[in-house]
Amino acid sequence: MLLVLKIFKIVLPILYITTCWLYGRAFFKDDVKARKLKTKFLIFTLVLHFIYLLVRTAELRHPPVTSVFELLCVLGFSLALAYIVIEALTKIKNTGFFAILISSILVIIAGLFSRDIYGFEHDVLKNEFLALHVTSALVGYSAFALSAIYGLLYIMLYNKLRSKTFDIVYKNLPNLETIEAMLHKSATIGFIALTFVIIIGFIWLPKAFQNFSYTDAKLVGTFLIWLVYGSALIMRKSIFLTGKKVAIMSIIGFLLTFIVMAFTTAMSGFHRFF
């Protein structure tokens, strides 16, 4: 079975690179064949990636959350998954290159450096709630990352309109209103996923860890991020905040998320279980 896992670790980066190339061909070259194939190829890649995660978990008897590189593999999957959900909801298929490029980089790094190790006997790693808890968190943070990507695309298109640079990037991006809607949907999905993470955490974590504490740095940091995005979503609706300010907020929000999670993970006590 280890041979199968090694083959997956070679095949998956190739599939992600091919998918990214198809989205790039469709966006920058307006290739008709690439436009027809890209979404189907992404779905095929995601299905194989999901099968790999299931097979690996069953074979090694722990979910892929025991190292940074295993988490990168799941993060690459969840970012691509978040993108395909947004693509399905909005029917806009011209922005995939930017999201799949980041997914490809994450999967390549994971394939190069993650190790297939048996023997993690920590009870928490055998709990079925762990995979649900961690996967929900990664989907949430991937959706926030996607929201920041749309924020960058919004500003890019906004500047091209102001400078009257009507190049191929301008022609292939959706209009500003559509990008803003995609940004909003991504942030909303991220907020819902993070809400799910917090609910699971409050139910499961006190039972799973003897040294559980509600003042743990990672719990406080997660709740802070949840408050920031929740407040931003309410502000957008209540005071009709739109346009470039929302795009900038999405970028700042993700940078804040990245800094808070890096800091609180280092400071966390019971939450560092691997």
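Start by selecting Lys9: leaving aside neighbours within four places in sequence, Lys9 is in contact with Tyr52, Gly111, Ser114, Arg115 and Asp116, where contact means heavy atoms within 4.5 Å. Before going on, know that this is a predicted model, in which local features need pLDDT of at least 70 and side-chain atom pairs count only at pLDDT 80 or more, while totals for chains, interfaces and linings use all residues. Residues are numbered from 1 along each chain as its sequence is written, and side-chain values use heavy atoms, with hydrogens and water left out.

**Stop 1: around Lys9**

Helices here are DSSP runs (H or I, at least four residues), numbered from the N terminus. Is Lys9 buried or exposed? Its relative accessibility is 16%, so Lys9 counts as buried; buried means under 20% relative accessible area, exposed over 50%, and partly exposed in between, with a 1.4 Å probe and protein chains only.

**Stop 2: the cavity**

The structure holds 1 cavity of 30 Å³ or more. Among the 14 residues lining the largest cavity, those closest to its centre are Lys9, Tyr52, Cys73, Ala110 and Ser114. Helix 1, helix 2 (32-60), helix 3 and helix 4 each give two or more residues to this lining. The volume of the largest cavity is about 90 Å³.

How are such spaces found? On a 1 Å grid over the protein atoms alone, a cavity is a set of points where a 1.4 Å probe fits but cannot get out, and a pocket is an open set with protein on both sides within 12 Å along at least five of seven lines; lining residues have an atom within 4 Å of a point. Grid points are joined across faces, edges and corners, and a volume is the space filled by probe spheres set on the points.

**Stop 3: the largest pocket**

Next comes the largest pocket, with about 1,400 Å³ of space. Select Leu75, Leu138, Tyr141, Met261 and Thr265, the closest to its centre of the 42 lining residues. Which helix gives the most to this lining? Helix 5 does, with 10 residues. Other helices that supply at least two residues include helix 7 (176-208), helix 8 (217-238) and helix 9 (244-267).

**Stop 4**

Select Ser142, a residue of helix 5. With a relative accessible area of 1%, Ser142 is buried. Not counting residues up to four places away in sequence, Ser142 touches Leu75, Ser78, Leu79 and Ala82.

Then follow helix 3 (residues 68-90) from end to end: at 1.5 Å a residue its 23 residues should span 33 Å, and the end C-alpha atoms are 32 Å apart, which agrees. The expected span is 1.5 Å times one less than the number of residues. Just after helix 3, Lys91 takes a positive phi of about 65°.

**Stop 5: salt bridges**

Finish with the salt bridges (a side-chain nitrogen of Lys or Arg within 4 Å of a carboxyl oxygen of Asp or Glu), of which there are 4.

- Asp31 pairs with Arg25, their closest N and O atoms 2.7 Å apart; Arg25 is partly exposed at 28% relative accessibility.
- Asp30 pairs with Arg35 at 3.2 Å between the closest N and O atoms; Asp30 is partly exposed at 43%.
- Asp167 meets Lys160 at 2.9 Å, N to O; Asp167 is partly exposed at 26%, whereas Lys160 is buried at 16%.
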